[in-house]
Each structure stands twice: as C-alpha cells, then as structure tokens.
Amino acid sequence: MDLVIARPEGLYCPPGDFYIDPWRPVERAVITHGHGDHARTGNARYLTAEPGAGVLRSRLGADINLQTLAYGERLDHHGVTLSLHPAGHVLGSAQVRLEYQGEVWVASGDYKVEPDATCAPFEPVRCHTFITESTFGLPIYRWPPQAVIFEQINSWWRANRDQGKASVLFCYAFGKAQRILHGLDAGIGPILVHGAVEPLNRVYRDAGVALPETHYAGDFIRSDPLLRQAIVLAPPSAGGSSWMKRFGDYSDAFASGWMRLRGTRRRRGVDRGFVLSDHADWPGLLWAIEQTRAERVMVTHGSVNVLVRYLSERGLDARGFVTEYGDEDDASAEQASP
Amino acid sequence: MKAFAELYLRLDATTSSNAKLQALRDYFSQAPAKDAAWAVYFLAGGRPRQLVPTRLLRELAIELSRLPDWLFEESYQAVGDLAETISLLLPDNPHGSEQGLAEWVEQHLLPLRGQPPEAVRERLPQLWAQLDRQSLMLCLKLITGSFRVGVSKLLVTRALAHLAELDAKRVAQRMVGYTDLSHKPSADSYLKLIAAESADEHSQRGGQPYPFFLAHALQAPTEQFDGLLGPPSDWQVEWKWDGIRAQVVKRDGQLWIWSRGEELVTERFPELHSLASTLPDGCVLDGEILVWKPGATAAEVAVQPFALLQQRLGRKTLGKKLLADAPVVLQAYDLLEWQDQDWRNRPQHERRAQLERLVEQYPLAPVLLSPLLQGDDWADLARQREQSRSLGVEGLMLKQREALYGVGRTKDMGVWWKWKIEPFSVDAVLIYAQRGHGRRASLYSDYTFAVWDAPAGTAQRSLVPFAKAYSGLSDEEMRKVDAIIRKTTVETFGPVRSVTPTLVFELGFEGIALSKRHKSGIAVRFPRMLRWRLDKPVDEADDLGTLQALLA
C-alpha cells in the first residue's frame, strides 16, 4: 500500500489521514521545515520537529495549533508510526518517516548532506520507499566544501573593505543567511542585516545556535564610515530597491547553488556568485538515496524527469510526484519583505 | 594559463568598465610579452579556427564523466555552453598548470588541429588533467572558439595605451588586423603594439586599414532636430546603405579590402580588383559594398537586397553566373588617406570634396560616389527619408560637416548619426521555445514565431512559423514568458518545446524577401521582439497576407 500519494492539497498519507507540507489548507499538516513553499498558513493542526517550532511560530503566527516531536521520537496515529529525522537543510528541518504494517516510507522534504553548524546534520533513514527532492538534480551541480566558500566570501569582504566599499551579500533570509553568518570572520568589520533577516537570527540564537553580533542596517545613515567596512546580508528582493542607496558604491554578491552556472550568475547581475546551497548536490542526492536502501524512489520538485530516468536506468523503481514546492532562491523575490 | 584564468574571472565578475580596465592593466603589467600577445588576441575577439571537432569533444567528455549520453545532453541544455558544461562535469583537479597562455596555445592547443581522432583522444585528457576548473573552462572555450568575456576591443586598446603611455588612437591603429586569421600573435607583435611612437610609423603600415568610425542611432522626433542638430546645412546627408562596410586600401601597387570586422575580404570581391591599377597609391576609401542591379545607369539607386550579398558570401567559389547576376559596387563616402597622408584629422566636407575630385579624375568603374541629399529643412529630409524602403536603403546618414574621422563609436571629434526608418512589424504567435545561451542559460529565451496561414474567420486555419527571435524582452518579461512556456508545453523535441499558442508579440524586422528554404515562403531580416502584446488574443495575430503585402 502507498503510504503517501499526491493529492491536489498536497502529499497525503491515506492510512494516517494527514498531509505532509500541504499547499492548500487541511486538517492535519506535518511540516518538514519552515520555508514558505513547505509551511503554509491555514492548516488546523501542525506537527513539526521540536527545533523548528520557533521558526514556524515566527512565520505562521504564534497562535497556530502546533505539536512538536524531538528528532527520533515516535508518534502513533491511526496505526501509522511517525517520526522526524534531521534533514540538514535549515534549523528544524526534518525527514518524515512513516511506518505502517511493516512498510516504511521516508519523505525528505528538502535536504542537504554536508553538515553545518546551524542545524542538525542529515541522517540517512532506511526505508522501502524514499521521497526525495531534486532541486539540483543534474551532475553539473557539485558543491565545493563550504569552508572554501566561506573563505571566498571573507576574502571578498576583506578586499571590498580595503577599497572602502560595503559588501552586500544577497541570500535567503531563513537558513542561508544564518549559515553564512556562522561562517563569517567577524574580525573583518561590522556585520549588518536587512530587516527580514534579524527576526530569524533571533530564532536561531534562541535555539542555541552561535551567531556573530549583527546590527540592523537601517540604523546607519549614509555618511557613516562603518558602512564602507561592513558586510550586509539582505534578501534578494532588496536588490535594486531604494533601501540599497545608503550603501553608496558597494560590491554585491549572491549566495546560492544556482551560482554554479555562469549564466545564472550573470542574469542576477551581481559582481560575485558564491556557490552555497542548502540543498543536496547531484552526488549528495545519489548518496542519500543509496543510504536509504530504498527500492522505490518518488522524486519531487526540481529535475524530476532527469533523476527518475537516471535511477530507473540503475534498476530502481523511480517515479515522479507532482508537487507545488519551489526553491527558496527563486521564490525569494516574492517572499521576503523589508 | 592561471594568470589568464584569473583575469577572466575578474573581468567576468564585474560590469563596471573601470574595474575591467583595472583588471586588464594589472594583467598586462605582469604578463610576459608572449602571453600578453595571445591575451590581446583573444580579448579583442580573435578566434583560431575550431581546433577539435565538437562531436569528438562531446564523446570524450561523456567518456571521462561516465555519464549516459542523454544526461550529458540535459546538462548541456541547462548550462547553454559546451565548454562550461564539460568543465563542470569533468573530475576536479586540485592543481593547475603553471605554464603560460602562449605555451598552452602554441604547444598544446594549436597542434591539436588536424590531428587524427585517436591522437586527440589520447592527448586531450592528459591536457585537461593539468588544469584547475577555471583554467579548464577557459581552455575549452579556446578550443571551441566560444571565448567571450564582455570586453570591447576599445577597452583592451585603452588598457594597452595606458600601459605604454601612448595615445589610444595610436594603439587602435596598430591593433587593426591583429585578430585576422592570417596573423599569428607573438611577443614581437605585442611589443610592436606598445612600442614607443616612431618616426616611420606611417610607412610601416603595409595594407592596414584605419579603425572604422561608427555611427550612433538617432532616435528623436523630427521636430526636435533643429534643437539637437542645428540646421541641415551643418550636415552632410546620405542614404544609409544596407551592405558591407569596407575600407579599400591601395598602397605600393597593392590592393586590400577590409570589412568592418577587420577581416581581409579582398578575395571575395573580384569586381573591385581593377582598383589595384586604377586607384593611385597611398589612398584609402571608406564605403559600402553592395550588390548592384546589372546594367543600371550610374544615376539610378539600383541596390539589390542584402540577401543577395549574403548568398554570395556563403559561397566558397564565385562562379561566372553569380558574378553576372549579383555584381558588387563600392558606394564610396569617405577618403581616409590621400597621397600617403592620413586625412582623418581633416573635416568631413574637405574629405568629401577631395573624394569627389578623385572620382572625377580617375576611371574607377566599380566605385560610385554615395550621393548627397539636399533638404530645405529637417521636415523636407524626413519626407525624402520616406522613400528609403522603396529604394532599398535603411534610412539616412547624417554626418557633421566639420566632423573629423573618429575611432569606433567616439563622439569627441564630431559625430555620425544613423537615422533609420521604422522597422516592419507584425503581430506573431509564439509556438516553439528553446533555452538560451550565456546569461539566458536554462531560460526559455529563443522563440519561433508564426502567423496564421489564412485570414480571420477562415475555418481550420493554422499557424505557419516564419521567424526566430530572441532579443527585445526585458529580463523581467523573459522570466515571465519562461514560466508560461513551462506551463503550456505540449511536446518536447530534444531542446525544443512546442507550446499551446497563447503569447502574441509584435515582431520587428528590417527586411523581407521570398525564400524557398522557409515553410512560410518568406525570410525576414533581423527579427526581434518589439513588444509583448498582452492585449491581443492569438486569433487577432497577423496572417501570411500581411507579410505578403509587405513584400510588394
């Protein structure tokens, strides 16, 4: 029996009668993580991993009906045993493990396999059927180690500071921004953030994640010399807005897995592109799938056809699932507000 | 190679001309002359002929990356550039080669050309294994001839001029022909570019042309011309010919014909070879090569469509019939050198007067003097411009009578304006889309457009493709169109998607001609999107009748 099927409302578990990351309002929603395309408003009850509670409340409202589970903790619902396991994507992100009559399914949500210090690292979970994302499901996507990228970001910042220029780094406000903050060398200069980033910093700090000191960029006036030494973290939607004017002659950059391609970087029109993603790259996807030992793989959002065909050719029973999940870097323009 | 890869990264990382200039200066001040020689060549647009067949490159890359063919193809479609795709798929090498650009090009890359496939198969992986990813991409771009980095020749010229403390115009002059296939860059040729000014500079030019002076587009309503330009009497007004811009150089008994791309095209135009004996030495003409109606009188404007010229250029050999059917002339409009003297610093009217005397004195059969138009005022000239389409010209050229002959698109020594006629336009329907290249990689940005094969109201009419276009949309619009294409895809054929027709665009184009090669029977020139017609339903797009009417 299929433990998860695609319905117009979202991914649905028939024996348990609940949804995973539904895109239309439902009675019971299990949320893998707090990004806007996975966690939507209007559901009657929410279940999420305990470290993600703060994020969900800050994004969907403090008054949502929310139940949490520690990673690995089991919950029985209509005979379905449900547990949540770290997905390594952002703070509180989880894979959903479902067990029913001896059959095990795992829905990954979004995941990243390289560990980082801002969230619990991805944990492979053995299962019969694995539902995987495929955002970067092409072999051209291979990430350099994050230490290399942080080094690149820090030297870019240092070089700009030496030229008396602010460094504006566009990145998604939730997850990516905090991961970068953690990797910044605070000795270089002041770290400024856009208004969309700071509330999430608070959530991360409350969850015990160490972040360097940050200042609200709006508190600085244009003539402040500190601005010329600062790095500024802002959501991509801030680019080209009048908010940017205060930084004068700045250098800008964008941090995303899409920056792996010269074309996408040039389309962004920024000086630098840093290849930093909160999703698995191609080797990461294949590794994660292999670790689950699943014989059946359902592929969601991204390069669905490519991954399905590739896995099929390797003897797996692979199929595509139609979902309405996106990718936070592309969707960010609509979502983040100052 | 590393230093050049570093330069490429810096140039690619910025859109600011100053930052690019700085990067170029830094590179040239450090680079050994033999490396700098090749860097100038590639940056100024030089491309050696393809070194390795693309098919072989693909096969090798597929083998080394251990991917199925289809997955390589999918990757290529997402990246939109073969060299970059391969560099992203090959295994990483932690260490890069310390050899310089010249060694790489001369000892490793150029010798690949013409090698049997087995030899290339053996050699290339060894070469690739010596390069870090950035150098590898660059090396592949040099192999495929797709090296491009958003640096203009002018910028390279300025960087070198700064380095050598020379006038940029002098360097530009020396650079002419530098990227021609017949020239092989060397330390020597680079050192000549940046050498101190010498007394015999002028006599060393051989067959070199001058850098072309280019016109700017004039886009203002005629009523504003008086304010913008002053009276028409300050201007030399000519037709804007639609042919191949060329300089005819006659020195030391020899003739050279150069196209605007600074390619030597002497052999392509045997009709002009008589100028080797009829033109006096030390003389350079600037003008337009055009196909002229055979047997037309000198007074007629008998220019033939550009398509004919293009056909001629496409042929390897020029047969008798072709030469008889599509003979060329040179419409001369400027004189850059006369009696061995550089005339570019003389005003336009003076150069023109001497050009007229020259054409009177010498029997230069294939050379016509581009006629001057007279007008009482701008409105009068605007009326004359109306005839452009029926005469087969693109509009008018306005050249300041006092203008000196500049370099490229400069404006500091006087200006040339091109006052073009409005393009043809039709409303067409987007029916196929393909992903683009470069900064449009992964985006559906290259479109095929169709018109209806019968007027509205006809039962069962269908859409006939007639043009491809990929420019004219803003990034924002392109993003939206891309999303619609993904949602309305009917079928996918390799990289091409057919879509449910929902999108109507106003397409503009410069020329239109009958064509046997196109399903619609029509070929258009320079098609581009003028406007997204969100207001127009597909049913109200134009039909073939509209296009046929434009042919008349």
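Predicted model: local features only at pLDDT ≥ 70, side-chain atom pairs only at ≥ 80, totals over all residues.
1. How many residues of domain 1 of chain B are in contact with domain 2 of chain B? Four residues of domain 1 of chain B meet five residues of domain 2 of chain B, where contact means that the C-beta atoms, placed from the backbone, lie within 7 Å. On the domain 1 side of chain B, three of these residues are nonpolar, none is polar and one is charged. For these classes, Ala, Val, Leu, Ile, Met, Phe, Trp, Tyr, Cys and Pro count as nonpolar, Asp, Glu, Lys and Arg as charged, and the others, Gly among them, as polar.

2. Now chain B as a whole. A compact globule of 552 residues would have a radius of gyration near 24 Å, and the 26 Å of chain B agrees with that; the radius is taken over C-alpha atoms, and the globule rule is 2.2 Å times the number of residues to the power 0.38. Along the principal axes, the C-alpha atoms of chain B fill a box of roughly 75 × 70 × 50 Å. Of the 552 residues of chain B, 37% are buried, meaning that 20 or more other C-beta atoms lie within 10 Å of the residue's own, with C-beta atoms placed from the backbone. Among the contacts in chain B with a separation of 6 or more, 71% link residues 24 or more positions apart.

3. The secondary structure of chain B comprises 21 helices and 20 strands. These are DSSP runs numbered from the N terminus: helices are H or I with at least four residues, strands E with at least two. Five of the strands of chain B form an open sheet with mixed pairing, in the order β1-β11-β10-β2-β9; two strands pair if DSSP finds at least two bridges between them. At the edges are β1 (216–217) and β9 (372–373) of chain B, each pairing on one side only.

4. Let us walk across this sheet from β1(B). Two bridges link β1(B) to β11(B) in parallel, and Ala217(B) stands opposite Lys418(B) in β11(B). Five bridges then join β10(B) to β11(B), which run antiparallel, with Gly395(B) opposite Lys420(B) in β11(B). Strands β10 (residues 395–400) and β2 (residues 235–239) of chain B also run antiparallel, joined by five bridges; here Trp239(B) stands opposite Leu396(B) in β10(B). Finally, β2(B) pairs with β9(B) over two bridges in the antiparallel sense, and Val237(B) has Leu373(B) as its bridge partner in β9(B).

5. Are the residues of β2(B) buried or exposed? Five of the five residues of β2(B) are buried, and the strand is mostly covered. For β11(B), four of the five residues are buried, so this strand is largely enclosed by the rest of the structure.

6. The contacts between chains deserve a look too. 14 residues of chain A are in contact with 21 residues of chain B. On the side of chain A that touches chain B, α5 (262–268) and α7 (304–313) of chain A each supply at least two residues, and the largest share, five residues, comes from α5(A). By class, this side of chain A has six nonpolar, two polar and six charged residues.

7. Chain A also has a domain assignment, with domain 1 (5–141 + 279–327) and domain 2 (146–274). Their contact takes 17 residues from domain 1 of chain A and 14 residues from domain 2 of chain A. The domain 1 side of chain A has eight nonpolar, seven polar and two charged residues.

How values were computed
Residues numbered from 1 in each chain as written. Chains lettered and ligands numbered in written order. Buried ≥ 20, exposed ≤ 12 C-beta atoms within 10 Å, placed from the backbone. Contact = placed C-beta atoms within 7 Å. Domains from an automatic or database assignment.
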